[in-house]
Amino acid sequence: MRERIDRIAEPWGDRTPYRPGQPWPVRRDAHLTGDGVDRWVPAASLLHSNGDAMDVAVRDGRIVGVRGRADDRVNRGRLGPKDLFGWQANHARDRLTVPLVRRGGELEESDWDTAMGLVVDRSKHLLEEHGPGAIGFYTSGQLFLEEYYTLAVTARAGIGTNHLDGNTRLCTATAAEALKETFGCDGQPASYTDVDHCDTLALFGHNMAETQPVLWMRVLDRLAGPEPPRLLCVDPRPTPAAARSEVHLAPRTGTNVALLNALLHELVRTDRIDHAYVRAHTVGYQELAAGVAKCTPQWAARICDVPAREIQRAAELLGEARKLLSTVLQGVYQSHQATAAAVQVNNLQLLRGMLGRPGCGVLQMNGQPTAENTRECGADGDLPGFRNWENAAHVAELAKLWNVEEERIPHYGAPTPAMQIFRYAEQGSIKLLWISGTNPAVSLPELARIRELLRSEGLFTVVQDLYPTETALLADVVLPAATWGEKTGTFTNADRTVHLCEQAVQPPGQARPDLDILLDYARRMDFRDRDGAPLIGWHDAPGAFEAWQRCSAGRPCDYTGLSYELLRERGGIQWPCDAEHPDGTERLYSDGISWAAPDTCETYGRDLVTGAAVSETEYRALNPGGRAVLKAAEYLPPHEDVSAEHPLQLTTGRTLYHFHTRTKTGRTPQLDAAAPGMWVEIGAGEARSRGLGEGDLVEVATARGAVRARLRVTAIRDGLLFLPFHYGYWDTPGRTGPGPDGGRAANETTVTDWDPVSKQPLYKTAAARLTRIAPADGTPAPAPTTTASAPADPAAAPPTTGGPDALADQRPDPAPEATP
C-alpha cells in the first residue's frame, strides 16, 4: 500500500482485500496542513450519510486536518474525499459572523437582541392574530440530534404547529415510508457489516461509489478478496458500481416498479421463495403473487427498454443468493412511484427470507448525514420516537412526557410535508417560515417559483445558516450558525450508528450553535408546560440528549443505554441500545418482526399507488399479529413523459466531489477544482445522432425553465440527459438566480411533483429538449473523469487530478488514539 496518494485522482484509495466473514482490515486515512497538532478531537463526517468516524486536528485554535478513526465500526479508519478536504469550508472568508436584518430592502448587519427580537415579536403577533398554523419550520439533515429534538418540542408543543419538516423530505422520506409500509416502523434493518458477509449485493438506484465512497471502499475490498460477492446494479448511468457488476440494468427513468415487479414475478415463477419464512413473518403473499403474475420479463422489457434476458439474469442472481444484501437510494426515491418501488425491494428480501442475519438485509439509504435523526426526533413529518400520530395512546405519551395537554400537540392530521409547507407559504396561510441549515432556493424543484415565494412581502423568512446562501440572501432575518467542529452533539448514520461530535474550536464572530439559537427563542417566547414551568427544561447539549433518552425509552430507537461517556469510550454504537442491548444492536428483526403490531406501529400505511391512507380498522384486520406486510403495486406511466417538443428524459443527481448545493464543498479548494462548474451529460449514441460532441455549449429546457452548460458525452443510456444538482448562484454575479448567461441550477428545470405516499419530490422524470448554443472551442465539460461522468472517449478530456494539495496519507496500521 502506498503511504500517500492524490485522493482526488484516486478517490477510493488502495485496496485492503478480505474474505467473507472476516473483519474489514484497517486503513488509516489522514490529511493535515502545516506542521504539528495541539490536540485531536473525536467527530464524524457531516457530508454524507455514511457517518465516517474521524478525529479533528486542532492547532492554535484552528482546525488543520482530519484522520480516520481506525477502531470505529463504520469506516475502520477510511475517509472519502469530502471527509479529507471538506473541513476547510469552516474557514471560508464569507462565513456569516453577525446577525443580519432586512431594512429598506437590504440586509444589514445587526446584533442578536435585535434579530431575535424581530423574530419573537413577529411570532407572538402571528400566534395571536392567526394561530399556530401561520408559522412553519423547514430544517435540515445537517443538525445534531439534540437540536432536532429541541426544534420538535418547540414546534409541536411550544408553537403548536403542524408545519415542521426537513430537507430530508428530499432525500430520505421514501426510505422512511418504505420501511414503515413493510415493517410498520422506521429503522434500518441491516448493518454496514453485512457487506462483510454477503455473497450477493444488489444496488437499486444507488450510486454508492459517489454517494457513500467509504462504503464503496468496503465493497471494493470484498471484490478484491477471495470469494467476492456478485453485484447487481440498476442505474441508467455508467456508475463505477455498474462497471463492477455481473448484471447492469439501465432502465428508462420512471419505470422502476415495472422492473421490480418482473423480478418478483421471476422469483415466484421459479419458486425461489423461502415459504417457511414468508408464512412465519409476513402477510400478503397471495396478493403480491397475484399482483405480479402478468409482469413477465418480456412485459417489463417493453416498458423499461432493457433486454428481457437481462431481467431474467438479474432474477437468477437474486434467486441463487445465499446471503443477499440490497441497497436503495435516490434513483428510486426521487423517481416516479418512489415508495411503491422501494417497498418492492423490501418484498424481494422477505420472499427470499433474507433478513436479520449476517449478510442478509436491506439498506434503505439516507442521502444526508443526520437524516435519521430528523426521523427519530419528529423534526420531519412524524412524531418523536417513531410514534403514530393517529394512535391516541402515542400522543398521550408525548403529552405526559412534555407535561402539556394532548390537544396542544397537533395531531388532527398528518404532519405537513415540505412541499405543502411551501405551498401554504405561497398561498399566504404560512406567514413566518424559519429555514435552518438548508438552501431551498437551489434544492427545491421549479426554482423560479421558489424565488418568487421567498421574495413575497407576505412571508417573513428567517434563515439560520453558515454562509450567505441563495436562500439567506432573500431572507428577512439571517442568524449566523456554528457548524461541525464548532459545537457538540450526536448524530446517527444510515445504519443506526450513533456518533458523538465534540466541539474542537470556537465558532467565528457571533455565530452560535443551532441548539443555543433554539433555546434562546424558546426562552424569549416563554413557552410553559401545564404547571407553569419552562416547556424546555434543558440548557445545553448533554441536557437535550438526556431529554431525548426519556422520549426514546421503550421505542424502537431506544437511546437509554447510550451516553456521551460511552460514545467517547467506544465510538459509534447502533441503536437500540438499552438495558437489554447494552452493546447496541447490529441488525434488526433477527428474532422476527418487532414493531408492526397495530398498537405499536408507526403508521397504518397507505395505498402505494394512490397514497390513500389505510385506516386503523383496516390495518388491524390485515395485520393483527404484527408481521411484515408484503404490498403489491401496479405500474403506472410517469406523469411527464417525452413529447415532440421535449423528446428527451431528464434526470438529476449527486456526484462524488460535491454535496447538496455546494455551500461547503464549493468553498473547499480541492473539491471545487475537481468539478468547478455545471455540465450536461448525454449518451454517445444520442450525441452522434444529433451531431453533438464533447464541450459543445448547450441549453437544456423544460416547461419550467432552462440551464446552459458544456456537454459531456458518456456511456449513459441514449434518450436520457443528466444534470448534477449541486450548482446554484452564490458565486456568480446574479447571486440568487440566473444572470445574462442563463441558469445553471438543475432545479430550474425540474417539475413540482411528488410521490403520493412519501411526498418526496420527483427530480428524475422530467422531459426536456436539448439545443446547441455554440460548438466546442476546445474546452471540455467541467465534469470529473473519475466517476459516472467519465467521457465515453477517454481522450476527450484530461484526467481529473488534485495535485500536491490533494495528497493524503493512507496507512494500514493505526496511529495512537485521539485524546478528547
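Which residue takes a positive phi in the hairpin of S4 and S5? Asp 60 does, with a phi near 55°, and the hairpin has two residues between its strands. Before going on, note that this is a predicted model, in which local features need pLDDT of at least 70, side-chain atom pairs count only at pLDDT 80 or more, and totals for chains, interfaces and linings use all residues. Residues are numbered from 1 along each chain as its sequence is written, and side-chain values use heavy atoms, with hydrogens and water left out.

**Around the hairpin**

Let's stay with strand S5 for a bit. Strands here are DSSP runs of type E with at least two residues, helices are runs of H or I with at least four residues, and both are numbered from the N terminus. S5 covers residues 62–68, and six of its seven residues are buried. Buried means under 20% relative accessible area, while exposed means over 50% and partly exposed is in between (1.4 Å probe, protein chains only).

With S4 (residues 53–59) it makes six bridges in the antiparallel sense, and Ala 57 stands opposite Gly 65. Strand S2 (residues 28–32) is also antiparallel to S5, over three bridges; there His 31 has Val 66 as its bridge partner.

The UniProt record, an unreviewed entry, has an annotation "domain: 4Fe-4S Mo/W bis-MGD-type" for residues 38–94. UniProt positions are given in the numbering used here, feature names are shortened, and annotations may be inferred rather than shown by experiment. In the model, that span is 9% helix and 35% strand, and its end C-alpha atoms lie 26 Å apart.

**A sheet of seven strands**

Next up is an open sheet with the strand order S7-S6-S18-S17-S16-S8-S9 and mixed pairing. Strands S7 (106–109) and S9 (164–166) stand at the edges with a single partner strand each, so one side of each has no neighbour in the sheet. On average, neighbouring strands of this sheet are turned by 20° against each other, direction ignored. Inside the order, S8 (residues 135–139) and S16 (residues 432–436) pair in the parallel sense over four bridges, and Ile 135 has Leu 432 as its bridge partner in S16.

Two helices go with these strands. Helix H17 (residues 418–427) packs on the sheet and touches S8, S9 and S16, with its direction at about 120° to that of S9. Helix H3 (residues 145–159) lies across S8 and S9 and runs at about 165° to S8. Axes here are lines fitted to C-alpha atoms, for helices over the stretch in contact, and angles run from 0 to 180 degrees between N-to-C directions.

Glu 147 lies in H3 and counts as buried because its relative accessibility is 2%. Not counting residues up to four places away in sequence, Glu 147 touches Lys 487, Pro 513, Asp 514, Leu 515 and Leu 518; contact means heavy atoms within 4.5 Å. The side chains of Glu 147 and Lys 487 are joined by a polar contact of 3.1 Å. A polar contact is a pair of N or O atoms within 3.5 Å; within protein, one must be able to donate a hydrogen and the other to accept it, and residues adjacent in sequence count only if both atoms are side-chain atoms.

Strand S11 (residues 230–234) has four of its five residues buried, so it is largely enclosed by the rest of the structure. Its pairings look like this:

| Pair | Sense | Bridges |
|---|---|---|
| S10 (residues 200–204) and S11 | parallel | five bridges |
| S11 and S12 (residues 247–249) | parallel | three bridges |

Leu 203 has Cys 233 as its bridge partner in S11, and Leu 232 has Val 247 in S12.

Helix H8 (residues 256–269) has 14 residues, and twelve of them are buried, including Asn 256, His 265 and Glu 266. At 1.5 Å a residue, H8 should span 20 Å, which agrees with the 20 Å between its end C-alpha atoms. The expected span is 1.5 Å times one less than the number of residues. After H8 comes Asp 271, with a positive phi near 55°.

Finally, Thr 800 sits in the loop between strands S28 (766–774) and S29 (807–811). Thr 800 counts as buried, at 10% relative accessibility. Leaving aside neighbours within four places in sequence, its contacts include Ile 8, Ala 9 and Tyr 657. Thr 800 and Ala 675 are 125 residues apart in sequence, and their C-alpha atoms are 8.7 Å apart in space.

Methods:
Two strands pair if DSSP finds at least two bridges between them.
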